[in-house]
Amino acid sequence: MTSERTPMFVDATCPVCGAGDARVLRQSSYPRDVSIEELEAMYSASSDRALMDRVVECRNCGMVYLSPRLDAGLIQKGYESAEDPAFVAQNPQRIRTFASSVRSILARTGLQPAGRRILDVGCAGGAFLVAARGAGFEVTGVEPCRWLGEYAREQYGLDVRQGVLRPGLFPESSFDVIALWDVIEHVPDPHAVLTTVRSLLKDDGYLWINYPDMGSIAARLLRWKWPFWLSVHLHYYRRASMRRQLKEAGFRVLYVRPHWQQLQFGYVLKRAAALLPPLKPLAKVVSAIGLGSVPFSYNMGQTLMVARPERE
């Protein structure tokens, strides 16, 4: 059965403007006999399942998103039950990347981390929290995946709450910084998440948000071969649509910059080869000659925005 006809999937409206009128950019390619178990298995931090959903573009504001998409309850269940050793194996490289990002943001904003509280939403295995703690922040994380949250607690001694961000989980105005690294494109209701974030931030606080930018040079050159076209990514932002999404939730953007990631070369090639099969021989050669663990910095269109609450 196709995604358009099964009750496992639900129709979605534009996450930015709320309109329901959209044109189809790409049709669904799910197998007719796809099961709930197979769908749930796609949802993990390092998912490399190629896009199989119908992609649409809002006729009102130009936002691109999946519709129909998997039911939100099934998505959450998939993330909760995932185990992801391959993802956390890259934590040393992620910690270095995040440490560099934190230093850059602090230098740009003048924020002093001592005594400041930071919340990482969708913190995965805790790499960003380790970097933020190293810079002097008091850190807390929220992570839906039980396995990843337990890893972060045991490996790094972090305060990580299992679950998804929701109103009432923390007192209002209790954080100086809230970060969403590669998270907003995964959540079924971005506006609800961002309004909750706004309520948890102090009026002089900061939002750090990173996302795959479909308006980037990489996305425009690679088109449907862009590696961020994944079934786990429900929304595809350009800079203008992200600015509007943040404004609707009560934020003003301070600045925008490309985000460079550092991971092991072999891991990057393996992920890329899952979407671009011609790279598989190269991935095998790199592994065979011992270059798989070499640190590799890259940007495939990820963008970082730093924003603050808009004062009424």
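How many residues does helix 4 have, and how far does it reach from its first C-alpha to its last?

1. Basis. This is a predicted model, in which local features need pLDDT of at least 70, side-chain atom pairs count only at pLDDT 80 or more, and totals for chains, interfaces and linings use all residues. Residues are numbered from 1 along each chain as its sequence is written, and side-chain values use heavy atoms, with hydrogens and water left out.

2. Helix 4. Helix 4 (residues 91-109) has 19 residues and spans 26 Å between its first and last C-alpha, close to the 27 Å expected at 1.5 Å a residue. The expected span is 1.5 Å times one less than the number of residues; helices are DSSP runs (H or I, at least four residues), numbered from the N terminus. G110 follows helix 4 and has a positive phi, near 80°.

3. Burial in helix 4. Among the buried residues of helix 4 are I95, F98, V102, I105 and L106. Buried means under 20% relative accessible area, exposed over 50%, and partly exposed in between (1.4 Å probe, protein chains only).

4. Cysteines. A disulfide is a pair of cysteine sulfur atoms within 2.5 Å. By this rule the count is zero. C61 is in no disulfide, its nearest cysteine sulfur, that of C14, being 3.5 Å away. C61 is partly exposed, at 26% relative accessible area. C145 is buried, at 3%; its sulfur lies 9.9 Å from the closest cysteine sulfur, in C123, and is therefore too far for a bond.

5. Helix 8. L221 lies in helix 8 (residues 217-222) and is exposed, with a relative accessible area of 67%.

Note on methods:
Helices (H or I, at least four residues) and strands (E, at least two) are DSSP runs, numbered from the N terminus.
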